[in-house]
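Here is a short report on a multi-chain protein model. Please look through the sequence and the coordinates first.

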Number of protein chains: 4
Amino acid sequence: MILDDKFQDECGVFGIFNHEEASRLTYLGLYSLQHRGQESAGIVSSDGKEFYRARGMGQVADVFTGLTLENLKGKSAIGHVRYSTTGESIPSNVQPIVSECWRGPVTLAHNGNLVNALKLKKELERDGAIFQSTSDTEVILHLLARCPLSNRDEAIKEVLKQLRGAYSLLMLSSAALYAIRDRHGVRPLCLGQSEDGYVVASETCAFDLIGAEYIRDIKPGEILRIDKNGLTSFHMKPEVKPAHCVFEHVYFSRPDSLVFERSVNLMRRKMGIQLARETHVDADLVIPVPDSGVTAALGYAEESGTQFDFGLIRNHYVGRTFIEPKQSIRHFGVKVKLNPVKEILKGKRVVLIDDSIVRGTTSKKIVQMVRSAGASEIHFRVSSPPTVAPCMYGIDTPTSGELIASDKTIEEIRAFITADSLAYLSLEGLLDSVDGQGKFCSACFDKKYPISIKSVDEQGRLFEDNRNGRKSKASVINEIYK
Amino acid sequence: MILDDKFQDECGVFGIFNHEEASRLTYLGLYSLQHRGQESAGIVSSDGKEFYRARGMGQVADVFTGLTLENLKGKSAIGHVRYSTTGESIPSNVQPIVSECWRGPVTLAHNGNLVNALKLKKELERDGAIFQSTSDTEVILHLLARCPLSNRDEAIKEVLKQLRGAYSLLMLSSAALYAIRDRHGVRPLCLGQSEDGYVVASETCAFDLIGAEYIRDIKPGEILRIDKNGLTSFHMKPEVKPAHCVFEHVYFSRPDSLVFERSVNLMRRKMGIQLARETHVDADLVIPVPDSGVTAALGYAEESGTQFDFGLIRNHYVGRTFIEPKQSIRHFGVKVKLNPVKEILKGKRVVLIDDSIVRGTTSKKIVQMVRSAGASEIHFRVSSPPTVAPCMYGIDTPTSGELIASDKTIEEIRAFITADSLAYLSLEGLLDSVDGQGKFCSACFDKKYPISIKSVDEQGRLFEDNRNGRKSKASVINEIYK
Amino acid sequence: MILDDKFQDECGVFGIFNHEEASRLTYLGLYSLQHRGQESAGIVSSDGKEFYRARGMGQVADVFTGLTLENLKGKSAIGHVRYSTTGESIPSNVQPIVSECWRGPVTLAHNGNLVNALKLKKELERDGAIFQSTSDTEVILHLLARCPLSNRDEAIKEVLKQLRGAYSLLMLSSAALYAIRDRHGVRPLCLGQSEDGYVVASETCAFDLIGAEYIRDIKPGEILRIDKNGLTSFHMKPEVKPAHCVFEHVYFSRPDSLVFERSVNLMRRKMGIQLARETHVDADLVIPVPDSGVTAALGYAEESGTQFDFGLIRNHYVGRTFIEPKQSIRHFGVKVKLNPVKEILKGKRVVLIDDSIVRGTTSKKIVQMVRSAGASEIHFRVSSPPTVAPCMYGIDTPTSGELIASDKTIEEIRAFITADSLAYLSLEGLLDSVDGQGKFCSACFDKKYPISIKSVDEQGRLFEDNRNGRKSKASVINEIYK
Amino acid sequence: MILDDKFQDECGVFGIFNHEEASRLTYLGLYSLQHRGQESAGIVSSDGKEFYRARGMGQVADVFTGLTLENLKGKSAIGHVRYSTTGESIPSNVQPIVSECWRGPVTLAHNGNLVNALKLKKELERDGAIFQSTSDTEVILHLLARCPLSNRDEAIKEVLKQLRGAYSLLMLSSAALYAIRDRHGVRPLCLGQSEDGYVVASETCAFDLIGAEYIRDIKPGEILRIDKNGLTSFHMKPEVKPAHCVFEHVYFSRPDSLVFERSVNLMRRKMGIQLARETHVDADLVIPVPDSGVTAALGYAEESGTQFDFGLIRNHYVGRTFIEPKQSIRHFGVKVKLNPVKEILKGKRVVLIDDSIVRGTTSKKIVQMVRSAGASEIHFRVSSPPTVAPCMYGIDTPTSGELIASDKTIEEIRAFITADSLAYLSLEGLLDSVDGQGKFCSACFDKKYPISIKSVDEQGRLFEDNRNGRKSKASVINEIYK
């Protein structure tokens, strides 16, 4: 597998209520959200009586066929694409998850991360619960089943009080679709309309493809029930300051989406403009690391008056698996994806723009490759601040120790990646660019976690094991494939 | 799909403890038990710390590869093949089922049927449990998780007290393999030894292939714990009269197995001998309906002094799926499996032997086909009594209404299948043949259910819906495949 | 792979002309002929203008789906199943083979072996031909394309004059289906009728399944053209003595088929009767090696008055691939297929019946296994003479050196397989049983090859390389699979 | 399938001689050439004695596994990716094609199109040849087999004299790899070096990935033999004026490749600059149609001083198949691939840049979609001249009648695509940009076919059927898949 040295989004969700083509539009919605997770995909639909589920490992186009979509009957559906973090990427973890309890069947799709999931799980186990997967989502289903309140809305509110962390949730019962967002609104969730039906999605690009109209964001702390009576909204108390994930603007979201009610493309261009203001250097060319650095690079080039060109060409046919040569080929790992254009780079002073540096290993290879293609100077510019801390709210990040900026100075990083100069966008610059002072979570840049992770720390070692990076093991069950 | 008009076995189980090749021998064991269920197969192994699971729809040889077996690490394992009855045959129902609870992870493989499963499920749901499959087995895991006794052996005993029905259970924890059989010993379960390890299987033919030595049956009501200290045995109280499923001897088990400590082959031959004594008719040939009628037919031919021959040839390449012609072809459905040999049958008085008649539709086609191949007389003989009632203990039988013998006289059945004469083995004759007066369940022949199904009836309609035949719907969740 | 120590049939062919369901009936016909070849299958159909081909590695039920059959349009078709001998079993060799030449497109399915194929191939290559497969069939297509005669019937006759060996051929052009059999009639080929259409097949069991009526065999040396005018028959000159393959009766054909106008089942039973007359020994039981020895064993038991029983049970779920244990398990290789029933065999004097002994290795394992199951004496009886020479006419046999009877006396073979006694049916006894003195090829028993292989020997080493056993390499092209 | 309204490349070829990792590097080379053909891929390797072939439908990463590459033994190999034009895209057409003839085995991979292929095929058939595929390549193998010259080099020269059209050929025998290019050098072919071995590829990007050094192009009319003695070069007579395909620079080749010894990226940027000079219009934004219009758009923006932005975002997860909604969704077909960014486009005067307009249907949808995203003016600019005629030399183009520019004025095209203005780059401008007056084939722009297609026209209807667009039917054999 070719590993991108990037933070990885964990999931995208899509839901629809009261539409003749519920499962097909869910399929299309997930297709648009494919960049948010490529390891598995699932759809559950309902005709008001029965539920229908199809799911599998792989990309949306591989998991579903015309026939499976035909068999996903009914006028409501929810879907999920995932990358996998807290649970291993195994079939029993593929969402949406479905269960039956005394309230009847319910299905759930979840984007985010509960910081008290392990604590809740231990309590539930102590109370006799059994767990068949390793995902946070199963915890929520248990809480809901155990809540004695007969009114489902009240029960949901009660359950949500126990959850701590970031979550954008879709929950489908026989009669209603619930769209729920945690009080800080960490992960995005948008509401739209398609003919007589309502749609909910992680990003608005999913609405564009199916011709749905964007209405508004689900609000932080909002519980939106969509049923035959239309929209009914509840709000969790107390209200708190929003803490949107700024990295959605830096890297995760598609540039053609509105996220947190802002155009991702415009935000990224502004980051590039601000980056030029803060870190300008005389050069012949501005070269983006495609595709992540392209929009910021255009802004940088515009602001600095330096020529923009594609000096690195991306091979878009690269798949998830790749058979490597046995012999060592120079820069092979990065060249499978990126190839430098010698005729552009030769003898040029180059500003290389990327959105972030995580471990630094890939950046180093790119710098070396560009230099051996003939660039005379390489000035590396990053359109966000140094990433110094892991995300606790649903993004797959390496552990602190693996983050190069966690214990190295900028000069040390520069030396490591062998660039002639290196500069990052300031946190103020970033937040100004997204017009977001006081509204964003920037914990990965400043370690200021808006949702306390302390009580979990009190649980001791478990938290550290589970949340501190992708290599932790959340389960003793290993699913084996052919 | 080509439907056999037969009672269908529901599952086979295999377990092994303390063997270097635990998962490979489990694979081989399941291979030998393939006749007990061809719809799905699964193995869970354990290295004492972690558990490894592989499972899939289809036959054993298709579900597992050399690589999956390599990855099923550890020195203990349990496996399961199933045909599916109480739960739909969907992946989330493929056993062994695994869950984590406060006692740690545990995995379960189950052959049988709990008559109070729905009652228990309703009670558990009322108490906040969620269900992610439709199998009885999940109920047992919930009960175990909720049992507060800290000693696992005691907890198991406590849980078993709540189960009513037929079950041969294998339960694997990190430290021990439990082999458990209900108090009536309805379904078989045998203990064997292979080098330093112990093996447990539904039938002894699984021991033969792997070179294990048969020791004894797990006793009715026995809870056998196999761990590093060897064998420890507990017994449920009070003891009751055994009620072994006599149909295991009539049809289900492999003829080369010992079942209920008797040779299946010898039992079947004795049924044929007894059948000749009870129902002799002058004829030129004894012809079995292969493969089920072969051994009894040999006994019948020997006792009656009539010549035995294979006048019906079975095509052993018939798969589960088959593309049918659009036009009508005479006797097509049965001819895919069986072809008459005209040169043998022409002008002959034939005794046709089968083990049972269920709906009568296939028997009718066979009689018609044999007659149009030239037989001058066809005397149908059945090596068991008329099947008048469905099984409640783990066999997939049609509803009473579909059983031809439930409301038709023997003469009416004869007329329906268009035979010149028809006779069945008497119940006494059957039980004498297996040396089993007072030790067997023969409810499908005499409606005498040894385990009361009354309290379940008190639950009302649910029981009838769920237990009375294969077409009932146990779930509102429908899994969709490509 | 589990290797049967048997001679292997090489192919089965089926053709149909003027039937609405041409491709479906071809599928069903191949299904019935599956025992003649399980490695690949192919169908080519024609609507009188275009040709449609579907083919693949594996069994008939796996190669074709309902959709592929829908797309195999037209009212005529030919099909082929193969085991593979002269060509490696690779996709480019899967028949029917199709080509275009100046006469238009033509497709060919072939059962048999040309003894002068290499000689013809060399001549054709010298004349500028290119070969894209390693099958004999391509040679025939080249000869036909190069024949200048404009009348197709005349051209076919001309081409056939150049072929030496055994062949049952089906050739489909846009307008006609040709069924052709070599002058000795070595391999079988039968004609039948289905509604307004005609069908041709290797064995009559293919007619039974589709409800077609058997008319007669294609005669040795006959060229039968089936077109819109019905049947037109030509005959090759000069007529020669027939030389039907007697092994079709001994082992290959299905017992419910008519082959060479004789019932295979009756022939085999007569072999068993004759075997008892020639080789009787006092014993308690006659036990067949299933399935190949069953019919002869019934005859032996009847004639000798000894009791017949299934003391070896065959596992019919055995697939082509099988993951073996790492540790050594006693008799494992043969136990995967056959399991002895100790309760039957214990303390008994047993006559074991099989149809043939090829290398002797499997027979040895069976004898050992039966003995360790408790048999007190084991008398091995074979319902055909010792196989001393390879087949040159389309059967996959080991080289002479591998045939145990080629250089060992019967006593030496007995010692090798560790039986208490060993006896074979005499050649006279075999030919009497099939009522076939002077009509059969028995070269594998007596080295009297009815079609001279001399001129090929004159070609030197090439013949020996290619025809002398399955391990020879016919090509320098190796097809690689995933 | 989502149809791109683009000219389609037909194939890419890669060869290697004398390298330890021949098949792996061929795999990597094909990976880099994937943009030249995604429908099938094949590799044939040789160890000097035997040949090994692996091939399949689909992309390189799907066709080959680590195991297949292991089995493709030897130190020389050739590979091929194809889109398919003259032959249907069926497995029997997957290249490289292999055959045996009196010279021994030979394998061939071909990029281009022979204009006299049908004529040659008819002549060969008249002379007794049989054809098993529909590709031009089989014709070349026949000619080679029939050439009586014993010296292979001389035979190849003789065969090439008979070929008319465009071809870049790789031919591998046991002892040598031949790289051959037609006298006009229509399609590209480059020579490189990797350690002790030589490599040949359609584009230099294949060398970059494997770390090989580009040496030079194979010259028009050159026959380059690579064997253990190194390089030996022959040249066809007479020399003619080169006629490189200018569309390789406009669209087909990867921007990071050198093609015809020029940097594709630089050529495209110059086209954009020239386009601005010729067709400047006042606007707020230059927006490329990604990915084909990006480089030219950068040049246009630079030259015109207009701001460049990505107002259309491409979804790179789009696969070959896609399940469409049943209801009509506005702009759906194009929106699956491209999504407009309203926040960028709203109220703006936009210059839309694409490399070509073929049928005009996609361009129309893009213009409409951009307008409904809020653009106030849309000026469409094309970085090549109007495409008025089909390619005869190996590019898959629609028939003349389908080319919108073949019978419409620019104003009519503008009206059709609903742009506010439309302008194309002039042919002079294009040829100046690539520094290629007198060296390029521009027949698709000016109908001046450098290789006469007249003699083929004399053959009558056949030529028109076969060469005039992708829908023609080259064969009466239809391969059917599951």
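This is a predicted model: local features need pLDDT of at least 70, side-chain atom pairs count only at pLDDT 80 or more; totals for chains, interfaces and linings use all residues.

**Domains of chain A**

Chain A splits into domain 1, residues 11-240, and domain 2, residues 265-436. Taken over C-alpha atoms, the centres of domain 1 of chain A and domain 2 of chain A are 35 Å apart. The two domains do touch: eleven residues of domain 1 of chain A contact six residues of domain 2 of chain A. About 710 Å² is buried between domain 1 of chain A and domain 2 of chain A, and carbon and sulfur atoms give 54% of that area. On the domain 1 side of chain A, the residues touching domain 2 of chain A comprise four nonpolar, five polar and two charged.

What polar pairing crosses the interface of domain 1 of chain A and domain 2 of chain A? Two residue pairs are in polar contact there, both at pLDDT 80 or more.

Chain A and chain C make no contact, and their nearest C-alpha atoms are 13 Å apart. Chain B and chain D are likewise not joined by any contact. The closest C-alpha atoms of chain B and chain D lie 14 Å apart.

**Gln327(C) and chain B**

Gln327(C) sits in the loop between strand 19 (312-314) and helix 11 (332-335) of chain C. Is Gln327(C) buried or exposed? Gln327(C) counts as buried because its relative accessibility is 18%, under the 20% cut-off. Leaving aside residues up to four places away in sequence, Gln327(C) touches His19(B), Glu21(B), Leu25(B) and Glu195(B).

**Backbone geometry**

| Cis peptide bond | Omega |
|---|---|
| Gln95(C) to Pro96(C) | near -5 degrees |
| Lys237(C) to Pro238(C) | about -15 degrees |

Pro96(C) falls in the loop between strand 4 (76-82) and strand 5 (97-101) of chain C. Pro238(C) falls in the loop between strand 13 (230-235) and strand 14 (244-245) of chain C.

Positive phi comes next. Thr418(A), not a glycine, has a phi of about 60 degrees. Thr418(A) belongs to the loop between helix 15 (410-417) and strand 23 (421-424) of chain A. With a relative accessible area of 27%, Thr418(A) is partly exposed.

Glu261(C) is not a glycine either, and its phi is positive at about 65 degrees. Its loop runs between strand 15 (258-259) and strand 16 (262-263) of chain C. Glu261(C) counts as exposed because its relative accessibility is 53%, over the 50% cut-off.

Definitions and conventions
Residues are numbered from 1 along each chain as its sequence is written. Chains are lettered from A and ligands numbered from 1 in the order in which they are written. Side-chain values use heavy atoms; hydrogens and water are left out. Domain bounds come from an automatic or database domain assignment. Contact means heavy atoms within 4.5 Å. Buried area is the accessible area (1.4 Å probe) that two parts lose on being put together, summed over both. A polar contact is a pair of N or O atoms within 3.5 Å; within protein, one must be able to donate a hydrogen and the other to accept it, and residues adjacent in sequence count only if both atoms are side-chain atoms. Ala, Val, Leu, Ile, Met, Phe, Trp, Tyr, Cys and Pro count as nonpolar, Asp, Glu, Lys and Arg as charged, and the others, Gly among them, as polar. Helices (H or I, at least four residues) and strands (E, at least two) are DSSP runs, numbered from the N terminus. Buried means under 20% relative accessible area, exposed over 50%, partly exposed in between (1.4 Å probe, protein chains only).
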